[in-house]
Amino acid sequence: SDHQLEYPVSPEEMDWQKLYPHFFDEATSKMTKEVTIADIGCGFGGLLIDLSPEFPENLILGMEIRVQVTNYVEDRIIALRSNNAATNGYQNISVLRGNAMKFLPNFFRKSQLEKMFFCFPDPHFKQRKHKARIITNTLLSEYAYALKEGGIVYTITDVLDLHQWMVKHLEEHPLFDRLSTEWEKNDKCVQIMRHATEEGKKVERKKGDKYVACFVRLPNPTIM
Ligand code: SAM
């Protein structure tokens, strides 16, 4: 459970060099970039891998709570980095084992993120389990804190009830506005998210439906 996990006290305390050695500057002992894209509950890492070449200037982080799954993604990234060493490929993606529902502010400072992905989150079907869902009012305020103004929350699921739940909570939240289907059509991440993840591929094989909803992080209201 969580108490076996190690968390930095604050984002500044986090050893990012370990995750993205290519973006560490020896001369200044500082990172040259920070994480701006997060894949929450990244599973086997398919999204990270497809996003990597599309966003070479961004550091992309997968968060995953299961140890074995995290280790698998780690190995996958090590192999990709070594097979693409000549071009420094896949240096911009990494994975972290952690509970995204509890310790996000330990990893990300205010307004750090440009994009957050929630791909095929665990549905927690039973009513009494709904509070375990990854999108709730309380957690949305944490996501809004980590996201910058104009940042995007991406959601996709094959479970209609969960889709409606996520849309409802995001629409009710004062710091998020839903983006149009026209916007979705023109966004390359939506296209990638539909097909890149392992869960998405499974749904494709079963010819299931996929429900997408994207939201923009609004400016904080000014207090008159
Ligand atoms: N996004 C991946 C995909 O589309 O293939 C994985 C989807 S899978 C159904 C949900 C994943 O979220 C699982 O790998 C699970 O371990 C992870 N997860 C669930 N709760 C989490 C939490 N609180 N923090 C981080 N990861 C979590």
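A polar contact is a pair of N or O atoms within 3.5 Å. The model shown in these views is predicted.

**View 1. Polar contacts between the ligand and the protein.** In the side chain of Glu 64, an N or O atom is 2.5 Å from an oxygen atom of the ligand. The side chain of Arg 66 likewise places an N or O atom 2.8 Å from a ligand oxygen atom. Glu 198 takes part through its backbone, where an N or O atom lies 3.4 Å from an oxygen atom of the ligand. On its own, the ligand has 590 Å² of accessible area, and the protein covers 90% of this area.

**View 2. The shell of residues around the ligand.** There are 17 residues around the ligand, and those that come nearest are Gly 41, Glu 64, Arg 66, Asn 99 and Thr 197. Sorted by class, the shell consists of 7 nonpolar, 5 polar and 5 charged residues. Strand β4 (59-64) contributes at least two residues to this shell, as does helix α9 (198-205).

**View 3. The pocket of the ligand.** The ligand takes up the space of the largest pocket.

**View 4. An aromatic pair formed by Tyr 7 and Phe 103.** The whole structure contains 6 aromatic pairs. In the pair of Tyr 7 and Phe 103, the ring centres are 3.6 Å apart and the planes lie at 25°, so the pair is stacked; planes under 30 degrees apart count as stacked. Tyr 7 belongs to the segment before α1 (16-19), whereas Phe 103 belongs to the loop between β5 (93-97) and α4 (104-107), so the pair ties together parts that are 96 residues apart in sequence.

Note on methods: Residues are numbered from 1 along each chain as its sequence is written. This is a predicted model: local features need pLDDT of at least 70, side-chain atom pairs count only at pLDDT 80 or more; totals for chains, interfaces and linings use all residues. Side-chain values use heavy atoms; hydrogens and water are left out. A residue is near a molecule or strand if one of its heavy atoms lies within 4 Å of it. A polar contact is a pair of N or O atoms within 3.5 Å; within protein, one must be able to donate a hydrogen and the other to accept it, and residues adjacent in sequence count only if both atoms are side-chain atoms. Accessible areas come from the Shrake-Rupley method with a 1.4 Å probe; for residues, only the protein chains shown count as cover. On a 1 Å grid over the protein atoms alone, a cavity is a set of points where a 1.4 Å probe fits but cannot get out, and a pocket is an open set with protein on both sides within 12 Å along at least five of seven lines; lining residues have an atom within 4 Å of a point. A molecule sits in a cavity or pocket if more than half of its atoms lie within 2 Å of its grid points. Helices (H or I, at least four residues) and strands (E, at least two) are DSSP runs, numbered from the N terminus. Ala, Val, Leu, Ile, Met, Phe, Trp, Tyr, Cys and Pro count as nonpolar, Asp, Glu, Lys and Arg as charged, and the others, Gly among them, as polar. Rings of Phe, Tyr and Trp (its six-membered ring) pair if their centres lie within 6.5 Å; planes under 30 degrees apart count as stacked, over 60 as edge-to-face and the rest as tilted.
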